[in-house]
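Have the viewer open while you read.

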Amino acid sequence: MTVVLDWFVNPDHGPIIIAQEVGYFAEAGLEVEVIAPADPADPPKMAATGRADIAISYQPQLHLQVAEGLPLIRVGTLVATPLNCLLVLDEGPIDEIADLRNRRIGFSVSGFEEALLSAMLDQADLSTEDVEMVSVNWSLSPSLMSGQVDAVIGAFRNFELNQMEIEGVAGRCFYPEEEGVPTYDELIYVANPDTMDGDAIRRFLSATERATQFIVNHPQESWKVFAGTSAELQDELNERAWIDTIPRFALRPEALDQGRYIRFEAFLEEMGLIEGTRPVSALAVDLGAE
C-alpha cells in the first residue's frame, strides 16, 4: 500500500509512523510505503489517478475537489479537529477580530483560507474588503514576527504558536471553530472510490487506531519512537508539537460524523466556493459500518 502524506513527515502523522515502526501494519498483513510529496498540492491528485492508494488531505479541500469532479472520498480521519487558526502577536495591536480593520493579513493558500477569514471577520461586522490580504508564501510566523503583516491565516496552532514561543515572541490564536466556522476534520485519508481496496484500507485504519491508542497511553515512549526515525525530527519544536497534537488525533479513524460534512458543505456553498451541495455519500464513507 502506498500512502502519500500532505507534507514532510511531522507530528501530525504520528499514528502512521508509529504503526509502521511498532509493527502494527505488518501484523495487519500490510507493507506500507509512506511518501512525502514534492508538492503539497499533489497527494489528492495522486490518489484520484491511482498513483497512491491513500492520500492525506484536508476536509475543506475534499469538498472543493469533489465539487470540481475529482474522484475522491474520505475513508478515515487522522486529525479530528481544526488546526488552522488566525494568528496574531500576543502583545500586538490586535486584541479582538474587530481590530483587524485596515490591517494586513498574511495567507499562503487562496480560496479556502480567504473564505475562512471572511467568515471570522463577519463575526465582527467586517469583510475582506476591510483588510489587506498579503501572500507570504508559507512564511507565516516569520512574516508576523517581522511586522510584515499584523496577522496570518493558515497557521497551525500546534506548530506556529510553538515556533514563535521558541523564538521568544508570544503569539495568540483566534480559532475558526469559535468564530463562525463549522468544526471540521483537519487531516483525513482520501482514496479513489472506484478503485480503492476497501479491505486493505480497513486494515490500515485498524493499525493506525492501535497506534493512536499507543500514543495516547505512552506519549513519551511514542515520541522517542517517532523522533528516532529521523534526526530532523529531534528538536524542541517537533517535541512540543507532538504533545500538542496528541489530543487532536482521531481515536476512531474509521468513524464518520455525517453532520460535520453536511454542515461544512453548506458553509462552503454559503461562502460561494461551491455551487449546490452534495450528499455525504459523495464525500465520505464509514468503511467500518459496511
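## The nonpolar cores

The largest nonpolar core has 41 residues, and Tyr-189 and Phe-204 make the most contacts inside it. A nonpolar core here is a set of buried Ala, Val, Leu, Ile, Met, Phe, Trp, Tyr and Cys residues joined through side-chain atoms within 4.5 Å; buried means under 20% relative accessible area, exposed over 50%, and partly exposed in between, with a 1.4 Å probe and protein chains only. Two or more residues each come from helix H1 (14–22), helix H2 (24–27), strand S3 (54–57), S4, strand S10 (187–191), helix H8 (198–217), helix H9 (219–227) and H10. H8 gives the largest share of this core, eight residues. Those labels are DSSP runs numbered from the N terminus: helices are H or I with at least four residues, strands are E with at least two.

Setting aside neighbours within four places in sequence, Phe-204 is in contact (heavy atoms within 4.5 Å) with Met-1, Val-3, Ile-16, Phe-25, Leu-30, Val-32, Ile-54 and Tyr-189. There's also a second, separate core of 25 residues, which includes Ile-94, Phe-107, Val-181 and Ile-274.

## Ground rules

This is a predicted model, so local features need pLDDT of at least 70 and side-chain atom pairs count only at pLDDT 80 or more, while totals for chains, interfaces and linings use all residues. Residues are numbered from 1 along each chain as its sequence is written, and side-chain values use heavy atoms, with hydrogens and water left out.

## Helix H4

H4 is largely enclosed by the rest of the structure, because seven of its nine residues are buried. The buried ones are Gln-59, Pro-60, Leu-62, His-63, Leu-64, Gln-65 and Val-66. They pack against helix H3 (42–48), S3, S4, H5, S10 and H11. After H4 comes Gly-69, with a positive phi near 100°.

## The pockets

H4 turns up again in the largest pocket, where it supplies the largest share of the lining, four residues. This pocket holds about 1200 Å³ of space. Of its 41 lining residues, Asp-6, Trp-7, Tyr-58, Trp-138 and Phe-156 are the closest to its centre. The lining splits into 18 nonpolar, 13 polar and 10 charged. For the classes, Ala, Val, Leu, Ile, Met, Phe, Trp, Tyr, Cys and Pro are nonpolar, Asp, Glu, Lys and Arg are charged, and the others, Gly among them, are polar. On a 1 Å grid over the protein atoms alone, a pocket is an open set of points where a 1.4 Å probe fits, with protein on both sides within 12 Å along at least five of seven lines; lining residues have an atom within 4 Å of a point. Volume is the space filled by probe spheres set on the points, which are joined across faces, edges and corners.

The second largest pocket comes in at about 200 Å³. Strand S4 (73–79) and helix H11 (258–270) each supply at least two residues of its lining, which divides into six nonpolar, one polar and five charged.

Is Thr-245 buried or exposed? At 0% relative accessibility, Thr-245 counts as buried. Thr-245 sits in helix H10 (residues 236–245), and its side chain makes a polar contact with the side chain of Asn-158 at 2.8 Å. (A polar contact is a pair of N or O atoms within 3.5 Å; within protein, one must be able to donate a hydrogen and the other to accept it, and residues adjacent in sequence count only if both atoms are side-chain atoms.)

Ile-166, in helix H7 (residues 160–166), is partly exposed at 33% relative accessibility. Not counting residues up to four places away in sequence, Ile-166 touches Glu-236, Leu-237 and Arg-240.
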